[in-house]
Amino acid sequence: MIIFKNVSKRYADGFVALNNIDLAVEAGEMIFLTGHSGAGKSTLLKLIAAIERPTSGTITISGQNIAQLKLSAIPFLRRKIGFIFQDHKLLFDRNVFDNVSLPLQISNFDNKTSASRVRAALDKVGLLKKEKAMPITLSGGEQQRLCIARAIVHRPNILIADEPTGNLDVEYAREIMALFNSFNQVGVTIMISTHDGSLLEDTQHRILVLNQGKLAA
Amino acid sequence: MIRAWIAQHAFVLLLTLKRLISTPMTSLLSIIVMGIALSLPTGVYILMKNIESATGQAINLPQMSLFLKHNPTPQDLSGIRQRLEEEPHIIRFQFVSKEAALFQLQQNNGLPEITAHLSQNPLPDAFILHTQANSSESLEQLRQAMQEWPEVEQVQFDSVWIERLNELLKLGRFIVLMLAILLSSAIIAIMFNTIRLQILTQQDEIEISKLIGATDSFIRRPFLYFGALQGFVSGVAAWIFIAFFIERLNEELIGLARLYQTDIHLQYLSIDDSLSLLFFSAWLGWLGARLSVANHLWKIEPR
C-alpha cells in the first residue's frame, strides 16, 4: 500500500533527515516506527502526506507516486489519510465539534451527514459529551483523543500518528493504543511513531527502527 | 453535492459579513479610504461627461457662420437656401435675421442698456451652418467656396474653440485614465494589506486546513469574498460621495445659472456608469485579496 524506494530527504541547511529508505507497508498493516528524536521519524511520516517532499527517490501510495504529485493534487491525497500531528494542531478558537468537522467542511459534506459523522467519531474516542467544550479546557489525553477523532472523521484508509502518546501517562497511552488497535481491526493501515519503548514490549506488530536517517534491520 | 457547494458559499458569505461587521472601525476607515480613492477618477469622469454632453452637439457637428451683406432681398435668401441644401457637407442650417440676433443679444448677455442706445441695428443677417466632414480640409474648401458667393460678406469657422475644447477634453480623459490607474493600484494595495493582516490572525486555521486536505480555492474563498464585498461597499461609498458632491455643486451652480439666465445643472452618474463603478470596485477588492492570499499560500507550500 505504501512503498518507499531509495527515498532521501536533505533539508536546505544540508541536514540529511532520511538516507536511502526502502520500505513497504501492506494494506491493513499496523506498523511502529521508533528511534531517537531527530532520527527522521516525523520526516518519514510527513513525506507520506506530502507535507514534506523527498529530495530523491519514489514514494507510492496505492500505485500513485507521491514524490511527483502536482501541488494541486496534494489536497486530495491528504483527504485519503488521517494524520495525527505531534503538536496536535487543534484550533483553539472553536469548540470540539467544530474542530472535528473541519475535514468534512473541507470536503464539502452537507451539514446533516457531517454532524452525524462528527458525533460518531467523538463517540468512538469517548468525547461525545464534550462536543461543546473548548479544546483549551480538555486534559492532555482528551486533546489527543480529539486529534484522533479529527483524523478518522472522514474515514481514511491510512492513519498516521506522530508520537501520539508523547506526553501522556501510561494509563492514557494504553487507552490510545487500544483505540488504534480497534481501527486496525476494521482494516485501516496504521503507522505510528514513538520513542516510548514501553508501548512496544508486548506488541504483535512490526517495529521499524530509524537511526540517523537510516532504517536498521 | 451541488447543494452542499451552495451551502458552503452561503456560509462563507455570511462569515465574511460577520467579519466585516466585527471590526466596524477598521472596516469603516478602509471603506472610506477606498471610497475616496474610487471617487476621484469617477468624479473627474462625471464632470468631463457633463462638459461633453453640454457641448456634445457642437463637437459632433462643427459650426460655421455665414454673414450676409447688408439688406439681402428675399430672392437672395432663397437662392442661398437652395445652394446650402445642395451642399452635402451641410447637415442642417438655420437663418438668423439681424433683428433676431439683436434680440438674442439683449436677452442673453444682459446688455439691454447698451443695445438700447444704438440708433440702428449693426448686426448682419446670417446663416448658422451645422456641417459634417471627414477632414477639416473639405470644410475649409467649403468655406472658401461660400466666401465667393456674391451675397456673402464673410464665412467664419466657429470650430477653433471646439478644437481647443476637444484638446482639453482629450487631456481630461487622459487625466481620468491616469487617476484611475494610480488609484486602482492604491485600492489593490490597501486590499492586499487588509487581507495580509487577516491572514496573520488566521494563520493556524489556514495551515491546519491545508494539512488536512483543503484545496487552495477553499482557503482563498472567504478572503476573496471579503475583498469583493469590501470593494463593492467602497464603490457604494464612492457613489454616495459623488452624488453628494454633484448635489452641492448644483446648488452652487443655481447662482451662476441665474446670472446667465440659463439652466445649468450637472447630471448624476447614469445607471450604466453606477453599475460599472460597483462592479469594477468589487473586482479591484477581489484582485487585491487574491494576490494577497496567493502570496501567502506560495510561502507555505511544501518543498
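User: Which residue in β8(A) is the bridge partner of Met30(A)?

Analyst: That's Ile190(A). Before we go on, this is a predicted model, where local features need pLDDT of at least 70 and side-chain atom pairs count only at pLDDT 80 or more, while totals for chains, interfaces and linings use all residues. Residues are numbered from 1 along each chain as its sequence is written, and chains are lettered from A and ligands numbered from 1 in the order in which they are written.

User: What makes β3(A) and β8(A) a pair?

Analyst: Two strands pair if DSSP finds at least two bridges between them. Strand β3 (residues 30-34) of chain A and β8(A) have five, in the parallel sense, so they count as paired. Strands here are DSSP E runs of at least two residues, helices are H or I runs of at least four, and both are numbered from the N terminus.

User: What joins β7(A) to β8(A)?

Analyst: Five bridges again, with β7 (residues 158-162) of chain A running parallel to β8(A). One spot to look at is Asp162(A), which stands opposite Ser193(A) in β8(A). The chain gets from β7(A) to β8(A) through helix α6 (residues 170-185) of chain A, in a right-handed β-α-β crossover.

User: Why is that crossover called right-handed?

Analyst: Because, with the strands pointing away from the viewer, the path from the first strand over the helix to the second runs clockwise.

User: Why is β8(A) described as largely enclosed by the rest of the structure?

Analyst: Six of the six residues of β8 (residues 189-194) of chain A are buried, so the strand is largely enclosed. Buried means 20 or more other C-beta atoms within 10 Å of a residue's own (exposed is 12 or fewer, partly exposed is in between, and C-beta atoms are placed from the backbone). Both faces are covered, with Thr189(A), Met191(A) and Ser193(A) on one side and Ile190(A), Ile192(A) and Thr194(A) on the other.

User: What makes β2(A) and β5(A) edge strands?

Analyst: Look at the open, antiparallel sheet of four strands in chain A, ordered β2-β1-β4-β5. β2 (16-25) and β5 (64-65) each have a single partner strand, so one side of each is left without a neighbour in the sheet. Elsewhere in that sheet, β1 (residues 2-10) and β4 (residues 56-61) of chain A pair over five bridges in the antiparallel sense. There, Ile3(A) stands opposite Thr60(A) in β4(A).

User: How many residues does each chain bring to the contact?

Analyst: Chain A brings 18 and chain B brings 19, where residues are in contact if their C-beta atoms, placed from the backbone, lie within 7 Å. On the side of chain A that touches chain B, α3(A) supplies the largest share, three residues.

Key:
Two residues are in contact if their C-beta atoms, placed from the backbone, lie within 7 Å.
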